[in-house]
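Hello,

Here is the structure I promised to pass on. Please open it first, then read my notes below.

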Amino acid sequence: MKPAVLVARAVFPETVARLRTVFEVEDNPEDRIYSAEELSRRLQGKAGAFLTASERIDAAMLDAHPQLRAVCNMAVGYNNVDVAACTARGVLVTNTPDVLTETTADFGFALMMATARRIAESEHFLRSGQWNKWAYDMFTGPDVHGATLGILGMGRIGQGVAHRGALGFGMKVIYHNRSRLPAEQEAPIGARWVDKATLLREADHLVLVLPYSAASHHAIGAAELALMKPTATLTNIARGGIVDDAALAQALRERRIAAAGLDVFEGEPKVHPDLLTVPNVVLTPHIASASVATRRAMAELAADNLIAALTGGVPPTPVNAEVLR
Ligand code: 8YV
């Protein structure tokens, strides 16, 4: 008998068809968002789960499903999964790193540029029929080229953003990360490790690319925003909850920073109502990895992981590889 798996969200039909060659698949082509109760009901009897970052797997869910052996996220982030609880129960967790790095870095850079150069705000002005003359100070904003790019979280995606800034736009790169990059990775982009306060004070454009955890919850709140230049921009392509959205909306309204670009939100898909009413913020619906090719690669990698995990293979991108040993 084929092992049973749950594909919790709609995904490419080709990926589901491939999974059906190996598994009894329960999928969700209507793409309904399951409550925790419904997710638990649908996990009954399943050996594996193909998830996105919107399904939460915690200790209680694992205890309710002792037959579950693999939790495979179609996302590089895995803060929806209690990895320690999975490891303690011998449940493999996998994610989809690398395949989305360049696409996500492209988007981070695009969002930072749109934010600095006020592209969304000015487009709204034009579409709403308000453009009746050119003006010397119309939608002026800070330059991107030659400015100081600050990266908080210098993993693969952070480095991708830094490369774009340094090599394409002549930006000076400073970064803060728990661990410093080896000198041979810093040198080609002239990146300089600084403490967090220096990063906040010196960055003209601050881009957040760090994983979400209890430690990074509200890493950017009122106190951090107060350290930033009034001309600076803030771009978040990491996770909602890293920024205190209420504090950010207030800082934007009071022009304590120039502008923000946000692809992720606390409690998304809900967005803090104050962010919807301030003009100097570009808002996108968590699409940083959304190129056609990358979303396919993410789906296929998540499927590779699930198939390997449940058929005695070697999952390509485990998060808790110790479970395999
Ligand atoms: C996903 C992401 O689109 O990979 C991640 O961590 O945030 C995005 O690429 C989203 O999480 C859906 O799983």
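A polar side-chain atom of Arg 239 sits 2.7 Å from an oxygen atom of the ligand. That is a polar contact, meaning a pair of N or O atoms within 3.5 Å; within protein, one must be able to donate a hydrogen and the other to accept it, and residues adjacent in sequence count only if both atoms are side-chain atoms. His 286 also reaches a ligand oxygen, with a side-chain N or O atom at 2.6 Å. Val 76 uses a polar backbone atom, 2.7 Å from an oxygen of the ligand. The protein covers 85% of the 330 Å² of accessible area that the ligand has on its own (Shrake-Rupley method, 1.4 Å probe; for residues, only the protein chains shown count as cover).

This is a predicted model: local features need pLDDT of at least 70, side-chain atom pairs count only at pLDDT 80 or more, and totals for chains, interfaces and linings use all residues. Residues are numbered from 1 along each chain as its sequence is written, and side-chain values use heavy atoms, with hydrogens and water left out.

Residues near the ligand (a heavy atom within 4 Å) include Thr 52, Met 74, Leu 100, Ser 289 and Arg 295.

Now the domains. An automatic or database assignment sets the bounds: domain 1 is 4-97 + 292-323, and domain 2 is 101-283. Their centres, over C-alpha atoms, are 31 Å apart.

Best wishes
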